[in-house]
Amino acid sequence: IVKTIQIGKVFDLINNREHTIAEDLFLTGGITIIGLYHLGLFYLRRNEKSYFYFAILCMLVGVQTLISGERYFVRLLPNIQWEVMYKLDYFSTYPAVYFFAMFLKELFEKDFSIYIIRTVQIFVVLISIIVLFGNSLLYSTLNPYFEIFIITSFIFFLVSLLLATYRKREGANLLLIATVGVFLAILNDILYGRNIINTFIL
């Protein structure tokens with residue numbers, strides 16, 4: 001069971017599910033288009049690596065949207081094994097943290113510690129190896145530690161963006177606001193998944 005069980009009329013439940021799927025598809029489509037656009041920008045400007053990192057980030061978020069929520073990914077590939085889908089869920093989540101870190105570092109290189117980036121990279125590689133070669137029981141057991149890694153990483157990102165804002169780097173204040181929003185959404189999803197708060201998945 002990955003979400004709260006709903007009770008009601010069949011028509012209402014189906015209608016609510018289809019509405020949620022439509023929202024997921026709209027979000028996935030929009031994010032994918034943004035990702036492809038930035039991939040095109042990177043093709044034209046190879047020295048602007050931030051375009052590449054942001055494009056990959058968008059692609060991963062798009063895949064994650066299809067896998068989580070109403071799991072529309074299963075409709076696209078109905079014969080996919082549950083274990084494979086579970087691995088894709090992890091592979092679309094944790095590497096996204098690394099690409100987000102690299103995106104921010106490319107924009108504000110003087111304000112981001114290379115040690116933090118290397119630490120994030122090591123953890124993501126470690127998590128990826130565990131997910132790739134381990135079974136679902138192993139990495140689902142370790143998932144709380146993975147979530148702590150995400151929260152800690154975003155705290156470092158926010159501190160670095162605060163520093164960039166203080167130094168009046170161009171665009172730092174807007175990215176700081178956006179990152180705070182993403183961090184709160186992630187925190188909400190983690191706490192909701194742990195049944196600590198009664199909200200909904202963002």
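Does D111 count as buried or exposed? At 5% relative accessibility, D111 counts as buried. The close-ups below look at this residue and its partners in a predicted model.

**View 1. D111 sits in a loop between two helices.** Welcome to the starting point of our tour. The loop that holds D111 runs between α5 (94–107) and α6 (114–133). Beyond its neighbours within four places in sequence, D111 is in contact with S160, L163, A164, R167 and R169.

**View 2. D111 and R167 form a salt bridge.** Here the N-to-O distance is 2.7 Å. The two residues come from distant parts of the chain, 56 residues apart, with R167 in the loop between α8 (143–166) and α9 (172–193). R167 is partly exposed, with a relative accessible area of 39%.

**View 3. R169 is also a salt-bridge partner of D111.** In this pair, the closest N and O atoms are 3.0 Å apart. D111 lies in the loop between α5 and α6 and R169 in the loop between α8 and α9, so their pairing ties together parts that are 58 residues apart in sequence. R169 has a relative accessible area of 30%, which means that it is partly exposed. Through salt bridges that share partners, D111, R167 and R169 are joined into one network.

**View 4. E109 pairs with K105 in a salt bridge.** The closest N and O atoms of this pair are 3.8 Å apart. E109 counts as exposed at 53% relative accessibility, whereas K105 counts as buried at 11%. To close the tour, the structure holds 3 salt bridges.

Definitions and conventions: Residues numbered from 1 in each chain as written. Predicted model: local features only at pLDDT ≥ 70, side-chain atom pairs only at ≥ 80, totals over all residues. Heavy atoms only, no water. Helix = DSSP H or I, 4+ residues; strand = E, 2+ residues; numbered from the N terminus. Contact = heavy atoms within 4.5 Å. Salt bridge = Lys/Arg side-chain N within 4 Å of Asp/Glu carboxyl O. Buried < 20%, exposed > 50% of the residue type's maximum accessible area, 1.4 Å probe, protein only.
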